Amino acid sequence: MNIKSDSRKIVPGDTFIALEYVNDGHKYVMDAIKRGATKVIVKEGLYSVDTLVVKDTHEYLVNYLKENYSSQISDLKLIGMTGTNGKTTTCYLLHKMLNKLGEKCAYIGTLGFYIDEKIKDLNNTTPDILELYEMLLESKIQGCKYVVMEVSSHALSLDRVKGLEFDVACFSNLTQDHLDYHITMENYLNEKMKLFRMLKHDRIAVINNDDDYGEKIMMENNKNITYGFTDSNYKITSYKTSLLGSSFTINDKDIYETKLLGCHNIYNLTCIISVLSILGYEYDDCYKFISELESPPGRMDSVIKDTNIIIIDYAHTPDAIRNVLGAVKELNPRHIYTIVGCGGDRDRSKRAKMADLATSLSDYVIFTSDNPRTEDPVRIIDDMIQKLDKNNYEIEVNREKAIIKGIQLLEENDILMVLGKGHESYQIIGMQKIDFDDKKIVIDNI
């Protein structure tokens with residue numbers, strides 16, 4: 001593909017298109033020309049190379065990609081998932097399952113771009129449309145039949161997936177997050193709903209029937225397949241969990257066992273089973289491989305210390321914290337200790353809710369820094385604790401020291417939860433990414 005939106009990637013003979021995202025691509029036109037671009041696509045200006053002026057460069061790009069490359073990827077089966085929590089675990093494990101079942105499948109999402117193994121990290125859960133096409137073309141070249149993709153509300157709002165058509169669209173849940181961007185839950189929902197208007201002719205939508213917003217996702221023209229504990233096509237009729245994993249039953253007949261912990265993972269796996277059933281796989285096809293699945297990086301990622309467990313998880317919303325702490329509470333540990341913070345330059349209204357849940361569902365909490373970005377981490381923690389009526393916590397702004405303190409609290413049959421960053425290998429302080437890996441800190445200090 002010889003059209004690029006990043007001037008640093010230009011090689012002689014390429015076309016540069018100036019997109020207007022966080023940085024206005026028009027600032028980099030001259031750099032692209034210096035690097036060898038022989039054509040530029042812009043909204044205004046005249047340059048020393050072939051110049052095409054268009055009203056909307058993003059709209060032009062969407063149409064250009066569809067006209068020139070959609071035929072090359074038309075037989076790829078795209079499975080997209082949206083929702084506040086559960087996207088990463090469900091999509092990553094669905095891609096693992098399809099590969100185990102002999103169907104070559106790529107994954108695009110928070111954890112990166114995978115075909116068999118990780119190919120690269122991504123800057124966004126759902127990349128821009130140009131990078132998406134590059135990955136879809138690579139998936140096709142590598143012989144993939146399926147691509148499983150996380151589709152974020154930001155991506156839907158910013159038209160990063162515009163022009164793509166999905167074979168299956170899935171909805172996990174909708175809870176408070178990203179209201180710094182969407183402002184209201186109604187706006188947030190409306191962006192999520194866009195995915196369910198982007199389906200191919202079979203119009204298959206897989207929806208969590210237990211979520212309050214699930215009914216709103218069900219569109220009249222779609223074939224709505226439901227899952228959950230309430231009456232659904234794939235009804236979870238029982239489950240139990242222990243330190244060794246979980247087991248659950250669907251429709252009173254199909255019993256599955258898994259290494260994954262917690263009710264939220266029962267939801268994730270039931271969504272996967274629903275999709276696989278739609279694709280033609282039977283219970284006997286799935287049972288063995290479900291039992292083999294491991295948690296994705298940074299999702300209920302466990303480290304053992306003597307008789308204690310340290311769990312690293314990405315939970316960074318009120319609902320995610322409720323889910324993961326609820327999951328470990330079912331294991332009946334002697335104590336639950338939790339380390340948690342909130343990201344800077346993001347939705348402030350969820351901070352107090354996260355702190356209240358952490359202190360309510362834990363025996364003791366250490367509030368700390370978590371990607372403060374351009375905010376003062378002390379102010380972020382103040383936002384978290386200002387309405388607390390409990391005193392089972394302390395503050396340690398330095399995240400490494402907080403993790404070490406948490407480890408030192410462990411005695412016997414305790415669980416330490418290190419929440420918020422999961423797989424991330426950095427802290428964002430100011431405008432810089434600083435190397436920082438929760439799991440590495442844990443391993444180095446046990």
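Tutor: Two strands pair if DSSP finds at least two bridges between them, and strands (E, at least two residues) and helices (H or I, at least four) are DSSP runs numbered from the N terminus. This is a predicted model, where local features need pLDDT of at least 70 and side-chain atom pairs count only at pLDDT 80 or more, while totals for chains, interfaces and linings use all residues. Residues are numbered from 1 along each chain as its sequence is written, and side-chain values use heavy atoms, with hydrogens and water left out.

Student: Okay, how do you know that β13 and β14 pair?

Tutor: Count the bridges: β13 (residues 234–242) and β14 have 6 in the antiparallel sense, and pairing takes at least two. One of the contacts sets Lys240 against its partner Ser247 in β14. A hairpin through 2 residues joins the strands.

Student: What makes β15 a partner of β14?

Tutor: Here 5 bridges join β14 to β15 (residues 254–258), again antiparallel. Ile250 has Asp254 as its bridge partner in β15. This hairpin has 3 residues between the strands, and Asn251 takes a positive phi near 55°.

Student: Why is β14 called largely enclosed?

Tutor: Buried means under 20% relative accessible area, exposed means over 50%, and partly exposed is in between (1.4 Å probe, protein chains only). In β14 (residues 245–250), 6 of the 6 residues are buried, so the rest of the structure largely encloses the strand. Gly245, Ser247 and Thr249 point one way and Ser246, Phe248 and Ile250 the other, all of them buried.

Student: What makes Asp14 and Lys4 a salt bridge?

Tutor: The rule asks for a side-chain nitrogen of Lys or Arg within 4 Å of a carboxyl oxygen of Asp or Glu. Asp14 and Lys4 come in at 2.7 Å, N to O, so the pair qualifies. Asp14 sits in the loop between β1 and β2 and Lys4 in strand β1, 10 residues apart.

Student: Are those two buried or exposed?

Tutor: Asp14 has a relative accessible area of 4% and Lys4 has 13%, so both fall under the 20% cut-off and count as buried.

Student: How do you know that Lys120 and Glu131 tie parts together?

Tutor: Their side chains meet in a salt bridge at 3.0 Å, N to O. Lys120 lies in β8 (residues 117–120) and Glu131 in helix α4 (residues 129–141), so the pair ties together parts 11 residues apart in sequence. At 29%, Lys120 is partly exposed, whereas Glu131 is buried at 18%.
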